Amino acid sequence: MHTKSPLLEIKDLSVSFKVFEGDLKVLNGVNLTINEGEKVGLVGETGCGKTTTIKSVLRVLPSPPARITGGEIFYRGRDILKLKKREIPSIRRGEISAIFQDPLTSLNPVFTIGYQLQEIIKHSLRQQGIEEVSKKELKSRAASLLKETGMPDPERILKSYPIQLSGGMRQRVCISEALRVTVKLLLADEPTTNLDVTIQDQILRRLDELVEKRGTSILFITHSLGVVRHLTHRVYIMYAGNIVETAHTKELFSNPLHPYTRGLLKTVPKLTGEGVSEGIQGRIPNYLNPPEGCRFHPRCGDKMEICINKKPPLFNQGENQMVACFLYGR
Amino acid sequence: MTEEIMRVEGLIKHFFTKQGTVRAVDKVSFSIFKGETLGLVGESGSGKTTVAHTLIGIYEPTGGKAYFKDQSLEKDYSGRSKNLKKEIRIVFQDPGSSLNPRWSIKQILELPLKVHGTPVNRDQMKRITELLNMVELPPEEYLYKYPTTIGGGEKQMVAIARALATDPSFIALDEPTSALDVSIQAKIINLLIRLQKKFDLTYLFITHDLSLMRNMANRVAIMYLGKISEVAPTVDFFQKPLHPYTKMLLSSIPVISDDEEDLKPKKVISRGEIPSPVNIPPGCSFHLRCPEKMAVCSKIDPEMVEIEEGHTVRCHLYADG
Ligand SMILES: Nc1ncnc2c1ncn2[C@@H]1O[C@H](COP(=O)(O)OP(=O)(O)OP(=O)(O)O)[C@@H](O)[C@H]1O
Ligand SMILES: Nc1ncnc2c1ncn2[C@@H]1O[C@H](COP(=O)(O)OP(=O)(O)OP(=O)(O)O)[C@@H](O)[C@H]1O
Ligand code: SF4
Ligand SMILES: [Mg+2]
Ligand SMILES: [Mg+2]
């Protein structure tokens, strides 16, 4: 299905945010790899650092307050964190593309959708060395990108301002932006949360095609474990700035190991209609003074003495699963 | 649970734009009963938010009628009585942008109290504390915080507290948890269910998450392109879906176990152009995507028919009832 050579390798990434009260130590040594042509899911509680992770890859973290305090991010063997400022835009609008979480904030309210899409297409063409494009050509390219996401009447949408679209429509504008030909790695931050499931299904199939035909790799951030199960080859589970488990998607659902992953899977509302569970007890830690040892220990039903003092590394469990929990190694 | 609290009859909301008339809500009719949760699901852009916004008075309807306990909802917010404004409240789709970032949580909760006349300052403070306790945010910790410094789940709790401030009997919940993870979602949903029982609240609950809908709503209404295509009690809706769009919807739910997979109708591949609300096709608006369409479907718009008590559908396959 996919080759094994890594396209993106995040190693021990640590990021903190300086705020009035002190340093928020958010990412705490994140390790995550995406191979060529692979669809990878990233799941975790609100505020666990998913968006911060992809913003680090894209080098768009606002700094200050953000500070990368450790780690490396290799894209095709090159450390992105060592790129010079002027080299950054070239990765961001060329090979690596992102769909950001909040479509309202990533679209500019004062320009029409058409104008914004055309600017991006122009830029992307320039990267391929094409400077001269007619207005008409740009317009038709923008319209066809919108069509690819199943957007009704692209002509109207191109002339509209973001505020005139429904939530799901805005999201599709951002998705179409990311479907450009040159994209090698797509970082998609909750791209389908505002869409009904039939459109979601159409878009996921479209993303599948991208992977099949162009060998694009995808990192898919979502709260929908159902989508993860359908779309991805492999999953990373994140808790409070750490990767706590990774496995092939099938294994993760049939054999979740980390106490957090288990809690998470139990919380998903089911079609079988057993009601809505109470959720995992407690809440995500304060990043000013995160717990020592395993950051999950204050909420963990299985915690042991060692969990309070020592940070669990990722232990191998079988060939395709790793888990950061002392229940599985010392 | 049979007292009708809201009745919507042929409600229309059109937007007049340079690109043409957007028929966002096009003759929608439904009732909501006291103490129930009516789920509203459907296509992105089908008009769910517009329905909610029209009911709470952000928009004035273009046509049709809506009543809340016999009071007409024909005017927008500026023309409504104080009592009506107090009774009908909303929690918005996006917790981030619906709270003013420059106001502390105390200020955010003060505003509806001022507008609706909780008199003395001391009473106000008492009420704010009470509201925060209702949504399980410790007041000492949250009163003076700003929206930017709290998480998405907490923001939505504040938005719920703001909606509760006027002691309403009806709340429209527009995708209140779609931006949150399942664990925080579970907390908010359980909180909403507890509040509903305690204050006998009626909810209009909009979501794309059908698994959540299954566990939250008493009845479900499906919208497609500005119209309602099916209404049913939740259990019937999942067990005996009638409308082809409903079947497509149910078969596309991404679930997490094989048990659930078995409950879904046979996979209906979703394809085809979604028509535009500016240019609604003649006949049934779903015919362009419908796997079961017949000759009549592209010509005549079907009428709503009742198949079983409380289960209605708008589709030519069921024209004879
Ligand atoms: N600009 C910033 N300034 C201060 N703190 C920040 C900033 N950006 C993020 N954080 C903090 O970093 C933590 C992780 O945020 P992030 O947005 O990465 O979470 P997430 O996993 O994407 O959550 P969600 O599921 O809600 O999108 C949060 O606690 C947040 O408060
Ligand atoms: N202020 C406005 N001006 C013009 N058109 C609008 C406006 N608000 C909404 N619309 C249009 O009305 C239609 C319905 O939008 P609405 O936001 O009600 O959809 P929705 O069902 O809530 O969708 P979603 O699930 O994506 O949130 C869309 O075609 C949208 O473009
Ligand atoms: S390491 Fe300990 S505290 Fe952390 S999840 Fe495992 S058992 Fe629980
Ligand atoms: Mg995020
Ligand atoms: Mg909406």
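Colleague: Which helix gives the largest share of the lining of the largest cavity?
Modeller: Helix 9 of chain A does, with three residues. Keep in mind that this is a predicted model.

Colleague: What is the volume of the largest cavity?
Modeller: About 450 Å³.

Colleague: And how many residues line the largest cavity?
Modeller: The lining has 29 residues. Nearest the centre of the largest cavity are His223(A), Ser224(A), Gln185(B), His208(B) and Asp209(B).

Colleague: Which helices supply at least two residues each to that lining?
Modeller: In chain A they are helix 8 (197-214) and helix 9 (225-231). In chain B they are helix 8 (182-199) and helix 9 (210-216).

Colleague: How does the lining of the largest cavity split by class?
Modeller: It has 13 nonpolar residues, 13 polar ones and three charged ones.

Colleague: How many cavities of 30 Å³ or more are there?
Modeller: The count is five.

Colleague: What lines the second largest cavity?
Modeller: 13 residues do, and those nearest its centre are Pro244(B), Cys284(B), Cys290(B), Cys297(B) and Cys315(B). By class, the lining of the second largest cavity has eight nonpolar, three polar and two charged residues.

Colleague: Switching to ligand 3. Which residues are closest to it?
Modeller: His258(A), Cys294(A), Cys300(A), Cys307(A) and Cys325(A) are the closest, out of 13 residues that surround ligand 3. The shell around ligand 3 is made of nine nonpolar, two polar and two charged residues.

Colleague: Now the sheets. What is the strand order in the four-stranded sheet of chain A?
Modeller: The order is 2-1-4-5, in an open sheet with antiparallel pairing. Strand 2 and strand 5 (78-79) of chain A are the edge strands, each pairing on one side only.

Colleague: Which helix packs on that sheet?
Modeller: Helix 1 of chain A, residues 50-58, packs on the sheet and touches strand 1, strand 2 and strand 4 of chain A. The direction of helix 1 makes about 110 degrees with that of strand 1 of chain A.

Colleague: How many bridges are there between strand 1 and strand 2 of chain A?
Modeller: Eleven, between residues 6-19 and residues 22-35, in the antiparallel sense. The two strands form a hairpin with two residues between them. Leu13(A) in this pair stands opposite Val30(A) of strand 2.

Colleague: And how many join strand 1 to strand 4 of chain A?
Modeller: Eight bridges, again with the strands running antiparallel; strand 4 covers residues 66-75. Val15(A) has Ile68(A) of strand 4 opposite.

Colleague: What sits in the loop between helix 1 and strand 4 of chain A?
Modeller: Pro64(A) has its place there, and Pro65(A) lies in that loop too. The peptide bond between Ser63(A) and Pro64(A) is cis, with omega of about -10 degrees. The bond from Pro64(A) to Pro65(A) is also cis, with omega near 5 degrees. Arg59(A) is in that loop as well, and although not a glycine, Arg59(A) has a positive phi of about 55 degrees.

Colleague: Over to chain B. What is the order of the eight strands in its open sheet?
Modeller: It runs 6-7-8-3-9-10-12-11, and the pairing is mixed.

Colleague: Why do strand 6 and strand 11 of chain B each have one side without a neighbour in the sheet?
Modeller: Strand 6 (88-91) and strand 11 (305-308) stand at the edges with a single partner strand each, so one side of each is left without a neighbour. On average, neighbouring strands of this sheet are turned by 20 degrees against each other, direction ignored.

Colleague: Are strand 7 and strand 8 of chain B parallel or antiparallel?
Modeller: Parallel: residues 170-174 and residues 202-206 pair over five bridges. Tyr203(B) in strand 8 is the bridge partner of Ile171(B).

Colleague: Which strands of this sheet does helix 7 of chain B touch?
Modeller: Helix 7, residues 152-164, packs on the sheet and touches strand 6 and strand 7 of chain B. The direction of helix 7 makes about 175 degrees with that of strand 6.

Colleague: Last one. Which residue takes a positive phi in the hairpin of strand 4 and strand 5 of chain B?
Modeller: Lys69(B), with phi near 45 degrees; two residues lie between the strands. Strand 4 and strand 5 of chain B pair in the antiparallel sense over two bridges, and Phe68(B) stands opposite Gln71(B) of strand 5.

Technical notes: Residues are numbered from 1 along each chain as its sequence is written. Chains are lettered from A and ligands numbered from 1 in the order in which they are written. This is a predicted model: local features need pLDDT of at least 70, side-chain atom pairs count only at pLDDT 80 or more; totals for chains, interfaces and linings use all residues. Side-chain values use heavy atoms; hydrogens and water are left out. Two strands pair if DSSP finds at least two bridges between them. A residue is near a molecule or strand if one of its heavy atoms lies within 4 Å of it. Ala, Val, Leu, Ile, Met, Phe, Trp, Tyr, Cys and Pro count as nonpolar, Asp, Glu, Lys and Arg as charged, and the others, Gly among them, as polar. On a 1 Å grid over the protein atoms alone, a cavity is a set of points where a 1.4 Å probe fits but cannot get out, and a pocket is an open set with protein on both sides within 12 Å along at least five of seven lines; lining residues have an atom within 4 Å of a point. Grid points are joined across faces, edges and corners, and a volume is the space filled by probe spheres set on the points. Contact means heavy atoms within 4.5 Å. Axes are lines fitted to C-alpha atoms, for helices over the stretch in contact, and angles run from 0 to 180 degrees between N-to-C directions.
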